[in-house]
Amino acid sequence: MRAIVVEQLGAPDVMQVREGVPVPQPGPGQVRLKVEAVGINFADVLSVAGEYLTRTRVPYTPGMEFAGTVDALGEGVTGVQVGQLVACLGGSGSLATYAVAHAAALIPVPASLTAAQAAAFPVSYFTAYHGLKTLGYGQPGQWVWVQAAAGALGTASIQLAKAMGMNVVATASTEEKLELARKLGADVTLLQDDPDRVQKIRAAAASDSNPKGGVDLVLEVVGGPRFQESLDVVINRGRVIVIGNASREQANLRPVELMKRNVTVTGLWLTSLMGDAEATRDAALALTPLIASGQVTPQVGPTYALDESVRAFQDILDRKTTGKVVIEP
Ligand code: NDP
């Protein structure tokens with residue numbers, strides 16, 4: 001079979017297409033999947049660069065989130081049919097013709113979704129749910145600031161926040177990206193380099209009961225020196241959920257500053273939350289009907305062939321993409 005192989009970490013062009021890679025065999029409790037579509041996350045780009053939260057061991061095949069057709073069942077697997085389309089999240093190895101996964105890690109795919117949409121779903125929607133609800137305690141009528149709003153996580157966060165009855169201020173780097181954010185329901189959109197962004201974000205959420213303005217919740221994904229802005233825009237007792245650091249720069253946080261307005265700053269890493277069975281079940285219960293009814297729709301962005309993986313990764317780094325970048329091996 002064909003697979004992407006990374007032998008040394010670095011820029012996207014370290015990824016090579018390898019022919020003749022042995023087809024993996026499913027062990028006990030595992031299934032083999034014919035990979036139909038791989039969702040590419042910012043985390044994949046960081047993993048290949050060796051800058052992710054966990055160490056990347058080489059050689060390896062990237063690809064942590066994908067949709068595939070069940071091709072073979074390992075010993076002891078029940079409740080899964082050969083030919084069934086499922087999504088899968090975790091680990092690596094899906095930028096290939098076939099991949100193996102633990103049957104317990106498979107996510108059922110609503111019949112309304114294409115393989116590309118199914119590959120665009122797990123990471124972004126589970127993360128958005130945990131940011132807005134599990135850790136953000138979002139309530140109808142509250143305001144949330146969604147950064148990088150046209151990206152995979154951003155588009156998921158806007159749709160989910162609106163489905164929860166929240167109000168959304170969205171920022172992104174270009175007018176085209178803001179147009180997508182508005183299409184998905186963002187109430188107020190601002191260029192992320194708008195010189196008056198902090199005042200405008202605060203003012204967007206002003207009301208009779210909140211005359212000074214300020215949002216209840218920030219889904220922080222940019223980090224670096226701009227992290228301070230998240231603290232500046234939240235209301236008294238507001239929450240900042242630290243989900244990403246797309247700037248790849250260090251942020252300064254002075255804990256004493258949080259005291260002044262009783263601000264909470266919370267980290268969120270989906271990988272470690274997936275181990276929390278109750279939180280994962282709650283998220284799945286909330287998300288499944290929204291996806292199945294079409295109230296939220298995974299936003300599939302540009303789609304590439306396996307041979308174009310380097311370009312796909314580079315386009316994410318160059319901030320050229322919207323929605324979830326998908327590779328179809
Ligand atoms: P996206 O599809 O959103 O792509 C990343 C976006 O980040 C770009 O579109 C761009 O938006 C913005 N960006 C890129 N470089 C910079 C930069 N130098 N400065 C400021 N903004 C930048 O990717 P994902 O949806 O995969 O991820 C979005 C963020 O969420 C990432 O930081 C990622 O690591 C994080 N994440 C974290 C998870 C967790 O478990 N903690 C899970 C999922 C995502 P624009 O051009 O509009 O600024």
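Buried means under 20% relative accessible area and exposed over 50%, with partly exposed in between, as computed with a 1.4 Å probe on protein chains only. This is a predicted model, in which local features need pLDDT of at least 70 and side-chain atom pairs count only at pLDDT 80 or more, while totals for chains, interfaces and linings use all residues. Residues are numbered from 1 along each chain as its sequence is written, and side-chain values use heavy atoms, with hydrogens and water left out.

Select Thr114 to begin. Thr114 sits in the loop between strand S7 (106-108) and helix H2 (115-119), where helices (H or I, at least four residues) and strands (E, at least two) are DSSP runs numbered from the N terminus. Thr114 has a relative accessible area of 42%, and is therefore partly exposed.

Next, colour by domain, with bounds that come from an automatic or database domain assignment. Domain 1 comprises 3-121 + 298-328, and domain 2 comprises 124-272. Their C-alpha centres lie 29 Å apart, and 20 residues of domain 1 are in contact (heavy atoms within 4.5 Å) with 18 residues of domain 2.

Now show helix H1 (residues 42-49) together with helix H11 (residues 309-317), which pack at an angle of about 105° with their axes 10 Å apart; the axes are lines fitted to C-alpha atoms over the stretch in contact, and angles run from 0 to 180 degrees between N-to-C directions. H1 and H11 are therefore roughly perpendicular to each other, a term that covers angles of 65 to 115 degrees. On the H1 side, select Phe42, Asp44, Val45 and Val48, which meet Phe313, Ile316 and Leu317 in H11.

Stay on H11 and select Ser309, Ala312, Phe313, Asp315 and Ile316, which are buried. They lie on the same side of H11, because they cover an arc of only 160° around the axis, the arc being that of the directions from the helix axis to the C-beta atoms. Among the elements that cover these buried residues are H1, strand S14 (300-305) and strand S15 (324-328). Just after H11, Arg319 takes a positive phi of about 60°.

Finally, move to helix H5 (residues 175-183), where Lys177, Leu178, Leu180 and Ala181 are buried. They cover an arc of only 155° around the axis, which puts them on the same side of H5. These buried residues pack against helix H4 (152-163), strand S9 (167-172) and strand S10 (188-191), whereas the face of H5 turned away from the buried side carries the exposed residues Glu176 and Lys183.

Definitions and conventions. Parallel < 35°, antiparallel > 145°, perpendicular 65-115°, else oblique.
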